[in-house]
Amino acid sequence: MRDLKAVIRTVPHFPKSGGQYRDITTHLAYPAAIAESVKRLAEPYRALRLHACWGIVARFCLFFSLVVLTLWRSFFPVRTDGNFLLEQ
């Protein structure tokens, strides 16, 4: 899957006139697209010596948790108020 834009729906004039919203929920219907996205997102971090990663809870969290799994690292989701969802 080379053209990831082909599986991402564009909603014109949202949230206001002239705007464009990129809806990734259509992307989730294509396993090959998900795999390619995870591969591309993980690549820049492979050489880093990360021990764990954290990410803001949102739709992107779906992909980020897969990226962290690919890198075989721990993932800690964080709420937008800065509090961890998982305490250690």
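**Figure 1. Phe-14 in the predicted model.** Phe-14 is partly exposed, its relative accessible area being 42%. The structure is a predicted model. Phe-14 counts as partly exposed because 42% falls between the limits of 20% for buried and 50% for exposed residues.

**Figure 2. The aromatic pair of Phe-14 and Tyr-21.** Across the whole structure, a search finds 2 aromatic pairs. One of them joins Phe-14 and Tyr-21 in an edge-to-face arrangement, with 5.4 Å from centre to centre and 75° between the planes. The pair is classed as edge-to-face because its angle of 75° is over the limit of 60 degrees. Tyr-21 is partly exposed, with a relative accessible area of 28%; Phe-14 is likewise partly exposed, at 42%.

**Figure 3. Trp-54 in strand β3.** Trp-54 lies in strand β3, which covers residues 52-56. The relative accessible area of Trp-54 is 55%, so this residue is exposed, the limit for that class being over 50%. Between Trp-54 and Phe-64 the C-alpha to C-alpha distance is 8.9 Å, and the two residues are 10 apart in sequence.

**Figure 4. The chain as a whole, as context for the close-up views.** The chain contains 2 helices and 4 strands, which follow one another along the sequence in the pattern β-β-α-β-α-β. Of the 88 residues in the chain, 26% are buried. Carbon and sulfur atoms account for 61% of the accessible surface of the chain, which comes to about 6700 Å². Among contacts between residues at least 6 apart in sequence, 38% join residues at least 24 apart.

Note on methods:
Residues numbered from 1 in each chain as written. Predicted model: local features only at pLDDT ≥ 70, side-chain atom pairs only at ≥ 80, totals over all residues. Heavy atoms only, no water. Buried < 20%, exposed > 50% of the residue type's maximum accessible area, 1.4 Å probe, protein only. Contact = heavy atoms within 4.5 Å. Areas by Shrake-Rupley, 256 points an atom, 1.4 Å probe, with all protein chains shown as cover. Phe/Tyr/Trp six-rings, centres within 6.5 Å; stacked < 30°, edge-to-face > 60°.
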